[in-house]
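Biologist: Before we discuss anything, I would like to have the sequence and the coordinates in view. Could you put them up, so that we can go through them question by question?

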Amino acid sequence: MDESRARALLRAERAEVATLLRGTEDAARIDDQVSDSPKDFGDAGLPLTEEATDEAVAEQLRERLGAIDRALARIEAGTYGRSVISGTPIPDQRREADPAAELTIEEARASRLAAPAT
């Protein structure tokens, strides 16, 4: 994949993810305001569950924005398309599927296997 296509895909995805993040943060603020108002106490834990879900989604979106920004920085630095760990070229099919990919498939699998379970 050439860098101009990668840049266009990354910028488009960045705009979409940023919009989703704003919506999620707005929903979290609304949920927070609603949880402060008088309510039926049938399910007192529901606002906490919704708040935790909103925050988890927002965190995933922030992580994705970070990955996209790092990929855009690699394009500018001339290192895009190579693993950030080994420098091995990342295949075009992987970059087509995920333009922000930082690792080869093998490295990504190995890092998931080595990551502690949460």
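This is a predicted model: local features need pLDDT of at least 70, side-chain atom pairs count only at pLDDT 80 or more; totals for chains, interfaces and linings use all residues.

Biologist: Which residues of the largest nonpolar core touch the most other members?

Modeller: Residues are numbered from 1 along each chain as its sequence is written, and side-chain values use heavy atoms, with hydrogens and water left out. A nonpolar core is a set of buried Ala, Val, Leu, Ile, Met, Phe, Trp, Tyr and Cys residues joined through side-chain atoms within 4.5 Å, buried being under 20% relative accessible area, exposed over 50% and partly exposed in between (1.4 Å probe, protein chains only). The core has 16 residues, and those that touch the most other members are Leu10, Ile68, Ile75, Tyr80 and Ala100.

Biologist: With which residues is Leu10 in contact, leaving aside its neighbours within four places in sequence?

Modeller: Contact means heavy atoms within 4.5 Å. On that basis, and apart from those neighbours, Leu10 is in contact with Ile68, Ala71, Leu72, Ile75, Tyr80, Pro99 and Ala100.

Biologist: How many residues of the protein lie in helix 2, or rather, which positions does helix 2 span, and how confident is the predictor there?

Modeller: Across the protein, pLDDT averages 87, and 81% of the residues score at least 70. Among the elements, helix 3 (residues 92-97) has the highest mean pLDDT, 96, whereas the lowest belongs to helix 2, which spans residues 46-77 and has a mean of 87.

Biologist: Is Ile105 buried, exposed or partly exposed?

Modeller: Ile105 belongs to helix 4, and its C-alpha lies 7.7 Å from that of Arg94, eleven residues away in sequence. Because its relative accessible area is 34%, Ile105 counts as partly exposed.

Biologist: What percentage of the 118 residues counts as buried?

Modeller: The protein has four helices and zero strands, in the order α-α-α-α along the sequence, strands being DSSP runs of E, at least two residues long. Of its 118 residues, the share that counts as buried is 28%.

Notes
pLDDT is the predictor's confidence in each residue, from 0 to 100.
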